[in-house]
Protein chains: 4
Amino acid sequence: MDTRLLIVSASPRPYGNSRIVARFASKIARDIENVHTYEVDLFDYRIEPCIGCVSDGVRMCKLPCVLGDDMDKLYELVAESDGIIFVSPIYWYNVPGPLKNFIDRLTVFENAIFIEGRSRMEGKVAGFIVVGNDTGGIAVIQNLMVTMNSMGAAIPPWALAYHESDDNPIENENFILDVANVIRGVVLMVKALKGLEKPKYWYRVDKEYKEKVMDAAEHAYREVIDNLTYEQSNR
Amino acid sequence: MDTRLLIVSASPRPYGNSRIVARFASKIARDIENVHTYEVDLFDYRIEPCIGCVSDGVRMCKLPCVLGDDMDKLYELVAESDGIIFVSPIYWYNVPGPLKNFIDRLTVFENAIFIEGRSRMEGKVAGFIVVGNDTGGIAVIQNLMVTMNSMGAAIPPWALAYHESDDNPIENENFILDVANVIRGVVLMVKALKGLEKPKYWYRVDKEYKEKVMDAAEHAYREVIDNLTYEQSNR
Amino acid sequence: MDTRLLIVSASPRPYGNSRIVARFASKIARDIENVHTYEVDLFDYRIEPCIGCVSDGVRMCKLPCVLGDDMDKLYELVAESDGIIFVSPIYWYNVPGPLKNFIDRLTVFENAIFIEGRSRMEGKVAGFIVVGNDTGGIAVIQNLMVTMNSMGAAIPPWALAYHESDDNPIENENFILDVANVIRGVVLMVKALKGLEKPKYWYRVDKEYKEKVMDAAEHAYREVIDNLTYEQSNR
Amino acid sequence: MDTRLLIVSASPRPYGNSRIVARFASKIARDIENVHTYEVDLFDYRIEPCIGCVSDGVRMCKLPCVLGDDMDKLYELVAESDGIIFVSPIYWYNVPGPLKNFIDRLTVFENAIFIEGRSRMEGKVAGFIVVGNDTGGIAVIQNLMVTMNSMGAAIPPWALAYHESDDNPIENENFILDVANVIRGVVLMVKALKGLEKPKYWYRVDKEYKEKVMDAAEHAYREVIDNLTYEQSNR
């Protein structure tokens, strides 16, 4: 009955802001919300583009997907998760190509409606975090949100956070607090839908919480930076 | 502890497809989901445009709204509702002006964060139904969905339905079933968030349900048509 | 053969950022591009919501519009203009209600296709400037852009500018330069489509231009501020 | 001084509707508008995802792109074209992954602003055609339109066409006519911006034109079908 979150980021650069934020989101989930997390970056996986079998016939799109690539591992991770947190950079007011390929490939999970009677995304809970140098965050989020909802995912209150600036996202307090509340909301909703806990309130902003959150962000940031230094000194 | 749904439509014509669909949505809610409904059409209310007090200072936007118009009645109805179902026509890939005014005026409910510590929309559940002669439904829905979510509303799985055609929406079986499942999802989530009931599954499509739903649609359609005939014969 | 631009803003507050930017856009148009401008703010006009006659029959929506309100004056101004510059605040990732009413009411211009054989918006040139305290600019602009294009308007390169911050927009150099280039692009395209001038290049960023643009912005800002002071001292 | 159009489609299936429509768009361009066309389908090219060098430093993203893949050929084709017509399927209210990769990779053309003083997309003319089994066309088009415009492309009146149905697009007369007018608009605007021709009117719908267009569509459809039969009989 443990809650499991999958953190899906799509950042080409291991020291990029999206990865730092994904790391931070994981830390919040584990240390503050006490749930299991699995963090993947799609740039580490070979995900072939969806070839649209469903257009040949609605029953043609079923598991195992004919493409047989790294997506098989990701299908397992999605299947095991109660909630999915997307952490995406903003590329031309949209997700980057690899995240779009990931979403296109989730069609087989949604299309389980026609194979198994029910979408494999149904009842999972989704949250959305975007990070860019410039604007476009809402355009990205609204596409992800309506897509996940159309696949059967539930969306908790305040399921969105955006940082649209060159500045270090870790120094953007409002963003960090929004990220923490995306995680909080997803976890609360997972529990509510499992009948484990009735949410009393959603967005949390008290001083104690804020301090814990900022602290987790700081640690996550150092972890990424230290890790990079370590990797560089071992090359 | 009764569940209350507010059905908000925005149709200039009393015999328009949006109104027929709003009526049908109410009927489903009452007769199949057994919840209380209140149905309003924004074209029957005088809703002045938001004048953006919040830009003068975040604490300037608070209840009672300085505009003092028919929105006061609508604020009451929103406050009393557990869930809100939007039934909107598609005007230029967007909501019509009066629905946009309604949403802009809800700012004072969301801005309660800064006045009362919590958004008055937080934890309400929202669903989205759009009706047009032509395409654009997803563009409308994604704006409404991300907006309601940003105000604090929860979105249940499959919270969207669209009919994009000149044809009678009552004859579009997939749409009717989607509408019914928007209502179903909103009610299930209201109950889950109140800790009353744990949802077993979401999208319902079995034969018995389909028959009840199509029957309710048919009745709602006749009600609107008969009512129009009655009104015309009494002019 | 003079070029005429209509600057349409939609700002509830006479001292609001959208109005300052609209004033600045007009100044650029007149002083740098040497074209005629007419500046309106929709909040100064009574614009009833579109009642969707076109849904009763495609030939039902024709001029003069049955609503007979202040939109009649705006129809004249649109008809006389070669280009339209929208200056909109960002309200919930969308235009405010009064601007949506204005757009909905332009349907009768577009619907001239079915009455006169051609859209009255065809070949006009449009540009888009949005101003908000927070994100959502692209979501607004993409709706306006695809809408104007669907009515028959041409869109020049770089037809968009956004300022998404509490800071004074006049101090946002990139934004000011983008605004100037929206005006420049619209004027260049009007001339190209009239066969008057072949554009050599579009986005302009040289030092001389930048200085003129920043200077015009500064003047426009002072004009609005001085005017407000004057109005207040005369109350 | 010849006009060159690049038709970019992104269809995984060689017999898919997007490819048929791309073929038809090419035929219209050649036979009715008398311009050169080059037709590519992105699924035939290996296009690696953009790795975001520009985030490391604005001058890091320059030609030749470090990725050195099939995109090099596509860069040449884009560079040589006056206009680009996108023909995209609708995948989750968005473009499919490979088209998103293509767009992300065009960043280096846009970023030429910082390297060469001018975007390599500036002044090119773009048109947008989408084909899906279900809704979402406007959501796709508005993202493509605002993206191309932000890179410096001009958008002619009526630069959009959508077919959202399982039915054969060749039998959707309104769509076919819209597609033809996308091509017509792009060509007219290329000529206007080169100072070659002043457009008299844009959307064309007269009987003679309609017949030529429907005829071209029919031929294109047969070509694709015959080609498939030929390929299958030679396997």
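## Salt bridges, overall

A salt bridge here is a side-chain nitrogen of Lys or Arg within 4 Å of a carboxyl oxygen of Asp or Glu. By that rule, the structure holds 65 of them over all chains. Keep in mind that this is a predicted model, where local features need pLDDT of at least 70, side-chain atom pairs count only at pLDDT 80 or more, and totals for chains, interfaces and linings use all residues. On bookkeeping, residues are numbered from 1 along each chain as its sequence is written, chains are lettered from A and ligands numbered from 1 in the order in which they are written, and side-chain values use heavy atoms, with hydrogens and water left out.

## A bridge between chains

Let's start with Arg13(A), whose side chain meets that of Asp56(D) in a salt bridge, 2.6 Å from N to O. Arg13(A) sits in the loop between β1 (4–9) and α1 (17–32) of chain A, and Asp56(D) in the loop between β2 (36–41) and α2 (71–80) of chain D, so this pair joins two chains. Helices and strands are DSSP runs numbered from the N terminus (helices: H or I, at least four residues; strands: E, at least two).

How buried are the two partners? Buried means under 20% relative accessible area, exposed means over 50%, and partly exposed is in between (1.4 Å probe, protein chains only). Arg13(A) comes out as buried at 14%, while Asp56(D) is partly exposed at 39%.

## Bridges within a chain

In chain A, the side chains of Lys100(A) and Asp104(A) pair up in a salt bridge at 2.6 Å, N to O. The two are 4 residues apart in helix α3 (residues 97–105) of chain A, so about one helical turn separates them. Lys100(A) is buried, with a relative accessible area of 0%, and Asp104(A) is buried too, at 1%. Chain A also has a network of salt bridges that links Arg19(A), Asp41(A) and Asp44(A).

Over in chain B, Arg46(B) and Glu48(B) meet through their side chains in a salt bridge of 3.4 Å, N to O. Here Arg46(B) is partly exposed at 46% relative accessible area, and Glu48(B) is partly exposed at 30%.

## How the copies relate

Turn chain B by 180°, shift it 0.0 Å along the axis, and it can be laid on chain A with an RMSD of 0.0 Å. That is the relation of a two-fold axis.

Chain D goes onto chain B in the same terms: a turn of 180°, a shift of 0.0 Å along the axis and an RMSD of 0.0 Å. Within chain D, the C-alpha nearest the axis belongs to Ala139(D), 2.7 Å from it. Again the same surface serves both copies, with 100% of the contact residues of chain D recurring in chain B.

## Where chain B touches chain A

Taking contact as heavy atoms within 4.5 Å, 34 residues of chain B are in contact with 34 residues of chain A. The area buried between them is about 2400 Å², with 64% of it from carbon and sulfur atoms. Buried area is the accessible area (1.4 Å probe) that two parts lose on being put together, summed over both. Asn149(B), Trp158(B) and Leu193(B) supply 24% of the area that chain B buries against chain A, more than any other three residues.

Which kinds of polar pairing turn up across the interface of chain B and chain A? The rule finds 0 salt bridges there, but there are 13 residue pairs in polar contact (both at pLDDT 80 or more). A polar contact is a pair of N or O atoms within 3.5 Å; within protein, one must be able to donate a hydrogen and the other to accept it, and residues adjacent in sequence count only if both atoms are side-chain atoms. On the side of chain B that touches chain A, α6 (137–151) and α7 (173–193) of chain B each supply at least two residues, and the largest share, 9 residues, comes from α6(B).

The peptide bond from Leu63(A) to Pro64(A) is cis, with omega near -5°, and Pro64(A) lies in the loop between β2 (36–41) and α2 (71–80) of chain A. Trp92(B), a residue other than glycine, has a positive phi near 55°. Trp92(B) belongs to the loop between β3 (83–89) and α3 (97–105) of chain B and counts as buried at 14% relative accessibility.

Terms used: Copies are superposed by least squares on the C-alpha atoms of residues with pLDDT of at least 70 in both.
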